[in-house]
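Subject: A structure for you to look at

Hi there,

Here is the structure I promised to pass on to you. Please open it and keep it beside you while you read my notes.

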Amino acid sequence: MSGRLVTIVTLVVLLAACGSADRRPSAGETPGATGSGRGSPGVTAAPWTEAASPSPDPSAPPWAQTPVSEWGGSMTSTVVFAADDAWAVGGVDEGDTLITRWDGRAWREVAPPVRASEEVRFRLLAASSRDDLWVFADDTRAWRWTGAGWAPRGGLARTDGTARPGANGTAGTDGTDGTAGPGTNGPGTNGTDGTAGTNGTAGTNGTAGAGGLWLRTAAVAGPRDVWVAGTTRGDPARPFLGRWDGSAWSELPLPPGAEVNDLGAPSPRDAWAVGRTGGQSMIMHWAGERWDPVPAPPVPGARGTGLDRVLAVSPDEAWALGTAEVSDSERHQLLLRWDGSRWSTAGPLPEDTRLTALESDGRGGIWAGGESRGIGDGNEDDGERTILHFDGAVWTYGRTPGTQSGPVVNDLARSPDGDLMVAVGGNPDYDEDSEAWIWTRR
């Protein structure tokens, strides 16, 4: 599938010993529980492969760039439904939120769920369809798009006594004012009251107290199947995994030492979680009742691996991106593929590009966004090899727009019919001079 606001989304480089995830029998919705999942997946090991040299694709359609902000901005998440319907979220002007929508001709700003003065940081967009679009704040609060505005869906509450989000104001009816939403107290700073709705609109959320949660990823499988994962703020940070069942949020226990770095959920009975646990790579699968551990393939020559991103396409296709540690000073990216029964390595990976985002090409291959290394000299060549295509055997690339040096793709999305692709990102090496941008290709 997870965004005033945001600086840079930095993918965590995981260094974990290679192997299968810990198994901990448990009933119900307990991650790491022993169970069949999709049966007993096998493991395919492959020797470490050298980096591939991508080839240019002169026939690839050009990308168009929409500059968003030149002052400390970075776009962080995007979803695409059709050639005339796409969304993007991010941070601009050193902290302001931007939610914007593509209508086939231009990107137009959409009012956020809460007022800018509340300083809510929107991090991610996720959807199961164009009628089921969600936006998430970095403290796990979520809102669902109604077609005319954002309907609050609460947020995962911490269970360790720290602050929780304030409750939502109720919607006004027939043009009357909505009632105020009472904030919920945290031990640091009290949540503030939501203000009264105006002319029938919903009251805004109370703000969260000090501390709280930090959202890392979210996935929407349906209106009653929404997943979030991240860590608590503070030291030490505690990983969490939460689920919305259509009426309330609940937190699910994780195996000891486990961290979820990304989620993918193409359907309510088919979801993936990747990360690490107890010094091991972690892959878990949800088939509708519980999270089952699935073995990750060993990587000969690597003393540890970890997974950063997952792209779940169908029951027979999923991809995972991570890092293999060969030595203290040598690390390589790792790409895995699920074929319906087992995970296997899917290398070699392209040279000179650190991959940061994945999207299906609809034909069994993938598009990958990343960060170019050693390509160009700070001018028009810097966009090359920032977005690549992998057909299962060969990597190719087309020319992407010239930006400030060091563009990084934070997210990549494609419409189901393939008529529109959107990439979003920024230039994190340039701090306050980072240029938030959106690239589109039709």
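Below are some notes on a few strands and on one tryptophan.

This is a predicted model, in which local features need pLDDT of at least 70 and side-chain atom pairs count only at pLDDT 80 or more, while totals for chains, interfaces and linings use all residues. Residues are numbered from 1 along each chain as its sequence is written, and side-chain values use heavy atoms, with hydrogens and water left out.

Let's begin with strand β25, residues 366–372. Helices (H or I, at least four residues) and strands (E, at least two) are DSSP runs, numbered from the N terminus. Seven of the seven residues in β25 are buried; buried means under 20% relative accessible area, exposed over 50%, and partly exposed in between (1.4 Å probe, protein chains only).

Which strands pair with β25? Two strands pair if DSSP finds at least two bridges between them. Strand β24 (residues 353–360) runs antiparallel to β25, joined by seven bridges, and L355 stands opposite G370. Five residues lie between the strands of this hairpin, where G362 takes a positive phi near 80°. Strand β26 (residues 387–390) is also antiparallel to β25, with four bridges, and here W367 stands opposite H389.

Now find W107 in strand β7, residues 107–109. Is W107 buried or exposed? W107 counts as buried because its relative accessibility is 14%. Leaving aside residues up to four places away in sequence, W107 touches several others, including W87, W102 and I438 (contact means heavy atoms within 4.5 Å). W107 and W87 are 20 residues apart in sequence, and their C-alpha atoms are 8.6 Å apart.

Happy exploring!
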